[in-house]
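Trainee: Could you take a close look at one part of this model for me? I'd like to hear about the cavity and what surrounds it.

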Amino acid sequence: MTFSLRNPIVLAVLATIGLILIGSTFAIVPETKQAVVLRFGNPVRIYNSYKPNETFGHTGAGIKIRMPFLDQVVWIDKRIQSVAMERQQVLSTDQLRLQVDAFARYRIVDPRRMYISAGSEERVVDALRPILGSALRNELGKRRFDMLLSPERGEVMTNISHSLNRVARQYGAEVIDVRIMRADLPDGTPLQSAFQRMRTAREQEALTIRAEGAKRAQIIRAQADADAAKTYAASFGKDPQFYDFYRAMQSYRTSFAADNNGETTAVLSTDNDYLRQFRGR
């Protein structure tokens, strides 16, 4: 027995067996992974499963014990994942064909269901990608192209997220959000036609604004003229002689204003009524 323990080969074999036994008994679960423990192919235990609002460092991660040689560990990512959609062609309600690129972000929140229904994370992605494309086509097909550039775009993303989330729950996943990276018209005639329609719409809007401005200016000018006439009438009613004198002085200033040579010539009779203010009372 002592000779056997001193034999390096025996020691190496025992050390190897010990390492294998320890490795099959203990598992180190990192913070970023969820561990599904399988026994004869059936999930029996979950370590470090996702919980909302959990604090980093206070989760179920760490060293875990399992049945050696009987339990197998399947690792599932705990972090947020993304699934990209292949470029889709969508027909909007104004008959424009759009080239759309989008992606969705999701997280595995039920690893047991994910393993039972899909078996791996790759299959979850394969299941969500066509559903994302279908939901995107259905939702964008209900709206005009210009609505994708307006605040209504957020409502579109919310509706697509809800549709995709109904499918994701079947695989133990939760969709966080959906984003459109690009929504472009095909190059060539469709793109130029869309630009021309947008330009025409803006020009019509500008004409409408100018016409409304001119209408309001006429109303304001008419109101100002009416107020001025009312003021003149009130002044004339209070002191007709002073009003006649003031208006005559304004007329003299305009009529007898000097020309470019600094001189003004007027030939009038001395008893002309226009010069009555010079004769005094």
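Predicted model: local features only at pLDDT ≥ 70, side-chain atom pairs only at ≥ 80, totals over all residues.

**A look at the cavity**

Mentor: Confidence in the protein chain is lowest in helix 1 (residues 2-6), with a mean pLDDT of 55, and highest in helix 3 (residues 111-117), at 87. Here pLDDT is the predictor's confidence in each residue, from 0 to 100, and helices (H or I, at least four residues) and strands (E, at least two) are DSSP runs, numbered from the N terminus. Over the protein chain the mean is 78, with 82% of residues at 70 or more.

Residues are numbered from 1 along each chain as its sequence is written, and side-chain values use heavy atoms, leaving out hydrogens and water.

Now, the cavity: the structure holds one of 30 Å³ or more. A cavity is a set of points, on a 1 Å grid over the protein atoms alone, where a 1.4 Å probe fits but cannot get out; lining residues have an atom within 4 Å of a point. The largest cavity has about 30 Å³ of space, the volume being what is filled by probe spheres set on the points, with grid points joined across faces, edges and corners. Its lining is made up of A27, A35, V37, Y47, K64, I65, R66 and V73. Strand 2 (33-39) and strand 4 (62-65) are the elements that each give two or more residues to that lining. By type, the lining has six nonpolar residues, no polar ones and two charged, with Ala, Val, Leu, Ile, Met, Phe, Trp, Tyr, Cys and Pro counted as nonpolar, Asp, Glu, Lys and Arg as charged, and the others, Gly among them, as polar.

Technical notes
1 Å grid on protein atoms, 1.4 Å probe; cavity = no way out; pocket = protein on both sides within 12 Å on 5 of 7 lines; lining within 4 Å.
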